[in-house]
Amino acid sequence: MTPLYWQHASRELAQGDPVMRPLIQAYADASLISRDNPFMTLARSIVGQQISVRAADAVWKRLSAVLSGQPSPERVLALPEDVLRSAGLSTRKVLYARDLAECFTDGRVNPAAHAGLDDEALIAELVAVRGIGRWTAEMYLIFNQLRPDVWPVDDIGLQRAMARHYALEDQKTSLAQLRVMGERFAPWRTVATWYLWRSLDPQTVLY
C-alpha cells in the first residue's frame, strides 16, 4: 500500500527545496510502502534497533524462518526463548518481542484504534510497551500508519543524510537543530525522510 499523498508531497518538496529535487528525481519510480501488518512492523523495528539495516534484514529473515514465515503474536509466544535467540535476537530483544506479543494479545496495543489517534497520542501508547522508544514508535507511524509528517531525528540514517546534503559534515548538529531544520519539509517530513534514506542506500526499506 502506497500513501495517496505521495506524488503530491514529492512535487511540493521538489519545488520548494533545491537539495531535495535531485533526490526525488533519482528515486521517482519508488515510494514508501506499508505491509499493513502492525505487529510485524513493530517487531521488525525492534529487531532493527541499534544495528545496521543489513544486519537487521539478516536477523529478520532468520526470525521469520523460525516463525514459519508468519510472524504473529501467537507464534512468538509459542516459541521457547532459546529458539528466538537462535535467530539472532539478543536476550533483551527476545524479552521485548515477547512483551510486544503479549500487548497485542491482551489489548494494551490496539491497532484498530490507531487511525483515530494523532501522532503524539499514538507514540505515547506505543512507548508504554517495554522495548519501544520514540524511534521505534516513529518507524511504526511511518511504515505502518503512513503518517505524512514524521521527522525521526534520532535516526542515524537521517542524521547522516542531513549532514551529507546540507553541508553539516563539519558541525556537531544537535537534535534540536535537526528538528528546526526539518520544519522546511513540513507537512511532508515523512516523505523527505524517505528520500534522504534512499540517498544513503538505494534499497527500499520495508518494515
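**Figure 1. Serine 68 lies in the loop between α4 and α5.** The model shown is predicted: local features need pLDDT of at least 70, side-chain atom pairs count only at pLDDT 80 or more, and totals for chains, interfaces and linings use all residues. Residues are numbered from 1 along each chain as its sequence is written, and side-chain values use heavy atoms, with hydrogens and water left out. Serine 68 is not a glycine, yet its phi is positive, at about 60°. The residue counts as exposed because its relative accessibility is 52%, and exposed means over 50% relative accessible area (buried is under 20%, partly exposed in between; 1.4 Å probe, protein chains only).

**Figure 2. Leucine 146 has its place in the loop between α9 and α10.** Leucine 146 is another residue other than glycine with a positive phi, here near 55°. Its relative accessibility is 9%, so leucine 146 counts as buried.

**Figure 3. Glutamine 49 is in the loop between α3 and α4.** With a relative accessible area of 13%, this glutamine is buried. Isoleucine 132 is 83 residues away from glutamine 49 along the chain, and the C-alpha atoms of the two are 9.5 Å apart.

**Figure 4. Serine 31 is in the loop between α2 (20-26) and α3.** This serine is buried, with a relative accessible area of 13%. Residues up to four places away in sequence are not counted here; beyond them, serine 31 touches Thr2, Trp6, Trp194 and Thr204. Trp6 is also in contact with tyrosine 195. Among the other contacts of tyrosine 195, leaving aside neighbours within four places in sequence, are Ser10, Met20, Leu23 and Ile24.

**Figure 5. Helix α7 spans residues 91-106.** From its first C-alpha to its last, this helix of 16 residues reaches 23 Å. Just after the helix comes glycine 107, with a positive phi of about 90°.

**Figure 6. The largest cavity is lined by residues that include Phe39, Trp60 and Ala97.** A cavity is a set of points, on a 1 Å grid over the protein atoms alone, where a 1.4 Å probe fits but cannot get out; lining residues have an atom within 4 Å of a point. Counting cavities of 30 Å³ or more gives 1. The largest cavity has a volume of about 70 Å³, taken as the space filled by probe spheres set on the points, which are joined across faces, edges and corners. Helices α3 and α4 are the elements that give two or more residues to its lining, and α3 gives the most, with 4 residues. By class, the lining has 11 nonpolar, no polar and no charged residues. Here Ala, Val, Leu, Ile, Met, Phe, Trp, Tyr, Cys and Pro count as nonpolar, Asp, Glu, Lys and Arg as charged, and the others, Gly among them, as polar.

**Figure 7. Alanine 186 and proline 187 are joined by a cis peptide bond.** The omega angle of this bond is about 5°. Proline 187 is in the loop between α11 (175-182) and α12.

Technical notes: Expected span 1.5 Å × (residues − 1). Contact = heavy atoms within 4.5 Å. 1 Å grid on protein atoms, 1.4 Å probe; cavity = no way out; pocket = protein on both sides within 12 Å on 5 of 7 lines; lining within 4 Å.
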